[in-house]
Structure formats: structure tokens, C-alpha cells
Amino acid sequence: DVYKRQAIITDDDKIITDDTERIDCLRDGWAPIFQAVPDPMLQQQAFDALRPFVQDASDTIAAIPPPSCEQFRATAHYAKPSKPGPDTIPYCAWDSAEGGRTLMNLFYLLASGILHSLTFNDSFAVFLPKGSDPGDASGQTSRKVSSTRPLGLKNTDNKAVASTTNRCLATVVTGHVDKDQNGFCPNRNFLSNVTALDALSLIHI
């Protein structure tokens, strides 16, 4: 019902409510972003420039024990409730000894390089409206494509395996990350960058 009350506003201010036309508008509007392909030459140049500053953590990573079925089950147990992906399986389906073993076996298949299902990375695409609008009170949300926020809903087995693996690696790998990298590192706060910039500006005033 909520989905049916969402409309797309075109650049010429036409209100689109037809399902097929809405999908076309969203696809055409976001296609340049999602279909953009990085220049491999520029990527290689960036990697080459950064290589002297990157510490080799291969031995450290190799020494990290792989996650156990109990860790995979814990991820499912403590995961925040969220919409499942295309297979519609919720996190609670993995919250058992058998569920934990299944996720662990999937982890080993992926780690060994065995090809997973072609649908493993599939997701539902939803486009949430940004901000609020006076017209929202009428029960119909209308936004231009540029005022929507794309969100991918992946299957919970995919997210549970990725989350558990990240948790095992993050603490150890952070020790090899440059001290100036504060975002997305355990026990570091990206707001420290703001503090550092503020201190630097005072020095140069």
C-alpha cells in the first residue's frame, strides 16, 4: 500500500504513478551512476602511488582463525531486524546450530574460491524519498528521481557471512591502517579528522 502511494515527478513536473513508468524513470535516472565503470588505468595509477605507504598484512591476516559456526549464529541472533532480500529469508532463520553451520560452510566455499550461485549477490532495489514535503501529509509521496535514495536489500546469508568475516578481520587489520584513517575502523572516530583539521587551521592562522 505504501509503495502504491509513491509517485515520481519528472523534470517537466509530470506526476508518474504507473508502475512501469515509475520503474523506467528510476532506471533511467540512476543508470549513469550505477553503470559508470572506473578507468582501469587511473585505478592502477592510484594503486601504484599508494603502494609505498601500504603495510603488508598478509602474514597477520593468514594467522587469524576462521570464524566458527557459533560466531555466524551470533551474527544472525544479534542482527537488527531488517527487510530480507530476494529469497525472503529473515536473519532468525539462521539463528540455530544448523543455521550457523550452514553459514560457516558457505564461508568456506567462498574462501576456497568455489563459485557461488549466480544469484548470491542479487538484491531488491528500493528508492526511499529524501526529506519531507508538504504533500506527504496527503498520503502520497512524490519525489524527483534525484530526491530518492537507492537502497539494496541483499539476502541475509550474504550479509551474515560478510559481517562475521569483517568482524574477525577488522580489529587485527586496523593495526596496519594508517593512523589518519579514522572512519570505518574499530575504536576510531571519524570526528577526530574534524578535530585534527581544526587544530591544523589554528596553527596556520
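This is a predicted model: local features need pLDDT of at least 70, side-chain atom pairs count only at pLDDT 80 or more; totals for chains, interfaces and linings use all residues.
**Entry 1: helix α5 on its own**

I started with α5, which runs over residues 97-111. I checked its length: α5 has 15 residues and reaches 21 Å from its first C-alpha to its last, close to the 21 Å expected at 1.5 Å a residue.

Next I listed the buried residues of α5, which are Gly99, Gly100, Leu103, Met104, Leu106 and Phe107. They lie on the same side of α5, because they cover an arc of only 160° around the axis. I then looked for what covers the buried residues of α5, and this includes α4 (69-78) and α6.

Past the end of α5 I noted glycine 113, which has a positive phi, near 90°.

**Entry 2: α5 against α6**

How are α5 and α6 oriented to each other? I found that helix α5 and helix α6 (residues 156-174) pack at an angle of about 75°. Angles of 65 to 115 degrees count as roughly perpendicular, and α5 and α6 are therefore roughly perpendicular to each other. Their axes are 10 Å apart.

I wrote down the residues that make the contact. From α5 they are Leu103, Leu106, Phe107 and Leu110, and from α6 they are Asp157, Ala160, Val161 and Thr165. Sorted by class, the contact of α5 with α6 has 6 nonpolar, 1 polar and 1 charged residues. I note that Leu103, Leu106 and Phe107 of this contact are also on my list of buried residues in α5.

**Entry 3: helix α4**

Which residues of α4 are buried? I get Cys69, Phe72, Thr75 and Ala76. They cover an arc of only 120° around the axis, so they are on the same side of α4.

The buried residues of α4 pack against α5 and α6.

**Entry 4: asparagine 155**

I looked up asparagine 155, which is in the loop between β5 (148-154) and α6. Is asparagine 155 buried or exposed? Its relative accessible area is 8%. The cut-off for buried is under 20%, so asparagine 155 is buried.

I then listed its contacts, leaving out residues up to four places away in sequence. Asparagine 155 touches Gly85, Pro86, Asp87, Thr119 and Asp122.

I looked at two residues for their backbone angles. As background, most residues other than glycine have a negative phi.

Aspartate 13 is not a glycine, yet has a positive phi of about 65°. I placed aspartate 13 in the loop between β1 (6-9) and β2 (15-16). Aspartate 13 is exposed, at a relative accessible area of 55%.

Threonine 88 is not a glycine either, and its phi is positive at about 65°. I found threonine 88 in the loop between α4 and α5. Its relative accessibility is 53%, and threonine 88 counts as exposed.

**Entry 5: serine 192**

Serine 192 has 35% relative accessibility and counts as partly exposed. I also took a distance from serine 192 to asparagine 182: they are 10 residues apart in sequence, and 6.9 Å apart in space, C-alpha to C-alpha.

Notes:
Residues are numbered from 1 along each chain as its sequence is written. Side-chain values use heavy atoms; hydrogens and water are left out. Axes are lines fitted to C-alpha atoms, for helices over the stretch in contact, and angles run from 0 to 180 degrees between N-to-C directions. Helices (H or I, at least four residues) and strands (E, at least two) are DSSP runs, numbered from the N terminus. Angles under 35 degrees count as roughly parallel, over 145 as roughly antiparallel, 65 to 115 as roughly perpendicular and the rest as oblique. Contact means heavy atoms within 4.5 Å. Ala, Val, Leu, Ile, Met, Phe, Trp, Tyr, Cys and Pro count as nonpolar, Asp, Glu, Lys and Arg as charged, and the others, Gly among them, as polar. The expected span of a helix is 1.5 Å times one less than its number of residues. Buried means under 20% relative accessible area, exposed over 50%, partly exposed in between (1.4 Å probe, protein chains only). The arc is that of the directions from the helix axis to the C-beta atoms.
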